[in-house]
Amino acid sequence: MHMLNLGILAHVDAGKTSLTERLLHSAGVIDEIGSVDDGNTRTDTLALERQRGITIKSAVVSFPLDGVTVNLIDTPGHPDFIAEVERVLGVLDGVVLVISAVEGVQAQTRVLMRTLQRLRIPTLLFVNKIDRSGARHEAVLREISSRLTPAVVPMGTATRLGTRAARFTPSPGPAGTLDVLTGHDDALLTAYVENTVTDAALRKALVAQTREALVHPVYFGSAATGAGVTALLSGIETLLPAADGNADGPVSATVFKVDRGPAGEKVAYARMFSGTLRTRDRVPFGADGAEGRITGISVFDHGTDTRADSVAAGRIARLTGLGDIRIGDAIGEPRKAYEHYFAPPTLETVVVPGPDVHRGALHLALTQLAEQDPLIGLRRDERRQETSVSLYGEVQKEVIQATLADEYGLDVTFRETTPLCVERPVGTGQAVEFIKKDPNPFLATVGLRVDPAPVGSGVGFRLEVELGAMPYAFFKAVEDTVRETLDQGLHGWQVTDCVVTMTHSGYWPRQSHAHQGFDKSMSSTGADFRGVTPLVLIEALRRAGTRVHEPMHRFRIEAPADTLGALLPFLAGLAAVPGTTGNRDDRCVLEGTVPAARVHALEQRLPGLTRGEGELESFFAHYAPVTHGTIPERPRTDHNPLNRKEYLLNVTRRVGG
């Protein structure tokens, strides 16, 4: 039987989880349709998901569809949980993108569609809620064409919109698809000019172009009443490509989710791209090539997961036994490097334990949460005994707080959310420390030069000394320490977009006395190079100078035209920079950039400024130099190489100079 790994994506509240329930019911997997409002859906299993009525963690459920077994992955719609969507995209064969017939194309819809198009993932569009008051047909199609993609193929028409009797009638044939399909098929265009096009040729072209993500069929319906769902199921079966992969090839899988079982053991959700994995197999995994033994396999079938002895290419499985597995890890042969499709978190906050909360227990709990969500970046400050977490938004902060309370019994609050800034060098600087020359107490010579690099290039490391001038392990120690030290620049922020060049090197070879062992006091070790490198690098950075850049979001506001006079002064107060302004009937469209730290304030005030009619779309755009207020500083969590005396006291007892 063919396999299809299908993702359900949407803007929050478009009806994505309700559609999942309806699909499972139509396929005969469940007898009763669960309700998001009642908190009894199959995929929203977390207590917090049921309480809040939103999807927070992706969930897998399976159902049969004639000759295809569909592994359906329900994903979060709220932008604060975009990381959960990101890791799912790399394991999908196709997607159903859900749009509300009432609200139409929304901010997250556009973000998701742009990413799906960039990754060339075959996508069907399902316009949900045609039974709701205010549902639209032609207007939503126009929005899809203008705001998402013009390459859409309506698969039928919706009638009696806004009533429980709303229906979707599939088109008798694909005749209305000519304009879109001929744009991607020269042979079809020729047949059209020669008036020899057949319905079979159109159907064949529709299937081929949908599977190549060139066109996107559009269905209308209602998850609540079931209207249009049968037609959508037919489209899923015939238009989306089945999973491929050689079951006899080398084992290759990607982990997209990590959970914990009843006994606290790690459970990895993995998509098999090649080969067959069996219980008791020893397999390499992760970037370091660690090995682990598979102790248990579960596969998804008929709405539940069942124990299995093996799992073959094309399927999704739950695996136990890989204790150090992380999200994004490859199992067996790496298929490709794990990619980030969306922007990283741009906010940060300090977790404040309640009066009865042990800090060690809190750190352990946060570490386990970070295992399940690698974009919850943890930053531990040992001196202040504080832990910071990186965030996408305020809702994510509320969810972390509730999760710690419900699952770990830990009561916490948070400090004010602050932006995650970066530092970039503004010039060139270099420094060097020589062996046994005051004030260097380390048996290592290291010289480094820091140069600015193009925006987005990250950190590069180069050598101007011969690779054979000293043992490779010492060069590796310098490079690793350089990258680690750059996590905290002159102002405490991560330093990026620079090239660090090693200009000097030197060491003392291994020394020993007659009939005695190794003499550390006369021989260089990796610790010497790890110890001196931060001092040299920070001094080079100090001479180069750095500038702090804050994250900026691009925003798009659509609101009544007569509210523009109230919007502009408020945006100015947020240090936003309006770009273009346009008008559409009696509404204005305002685009520009705003500091990430001010987006939440904009979200909160927009309804009041626009009589509840304003729509906001925002997403990370770039980093910009901080130009207003004081330069933000971030407390250091390292041994502080900015203060030489303090650093040497912390790092070594051989304090020199």
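Helix 13 and helix 16 of this predicted model are roughly antiparallel to each other (an angle over 145 degrees), because their axes cross at roughly 165°. Helix 13 spans residues 526–544, and helix 16 spans residues 644–651. Their axes come within 11 Å. Axes are lines fitted to C-alpha atoms over the stretch in contact, and angles run from 0 to 180 degrees between N-to-C directions. The crossing of helix 13 and helix 16 is right-handed, that is, the near helix is turned clockwise from the far one by less than a right angle. Helix 13 contributes Arg530, Gly531, Pro534 and Leu535 to the contact (heavy atoms within 4.5 Å). Helix 16 contributes Arg644, Tyr647, Leu648 and Val651. By class, this contact holds five nonpolar, one polar and two charged residues. Ala, Val, Leu, Ile, Met, Phe, Trp, Tyr, Cys and Pro count as nonpolar; Asp, Glu, Lys and Arg count as charged; the others, Gly among them, count as polar.

Helix 14 (residues 564–573) packs with helix 15 (residues 599–609). The angle is about 160°, and the axes lie 11 Å apart. Helix 14 and helix 15 are therefore roughly antiparallel to each other. Their crossing is right-handed. On helix 14, the contact is made by Ala566, Leu567, Phe570 and Leu571. On helix 15, Ala601, Leu602, Arg605, Leu606 and Leu609 take part. Eight residues of this contact are nonpolar, none is polar and one is charged.

Helix 4 covers residues 107–118, 12 residues in total. From its first C-alpha to its last, helix 4 reaches 17 Å, close to the 16 Å expected at 1.5 Å a residue; the expected span is 1.5 Å times one less than the number of residues. The buried residues are Ala107, Gln108, Thr109, Arg110, Val111, Leu112, Met113, Thr115 and Leu116. Just after helix 4, Arg120 takes a positive phi of about 55°.

The chain has 16 helices and 34 strands. These are DSSP runs numbered from the N terminus: H or I of at least four residues for helices, E of at least two for strands. Of the 657 residues, 55% count as buried. Among contacts with a separation of 6 or more, 73% join residues 24 or more positions apart.

Residues are numbered from 1 along each chain as its sequence is written, and side-chain values use heavy atoms, with hydrogens and water left out. In this predicted model, local features need pLDDT of at least 70 and side-chain atom pairs count only at pLDDT 80 or more, whereas totals for chains, interfaces and linings use all residues.

Key. Parallel < 35°, antiparallel > 145°, perpendicular 65-115°, else oblique. Buried < 20%, exposed > 50% of the residue type's maximum accessible area, 1.4 Å probe, protein only.
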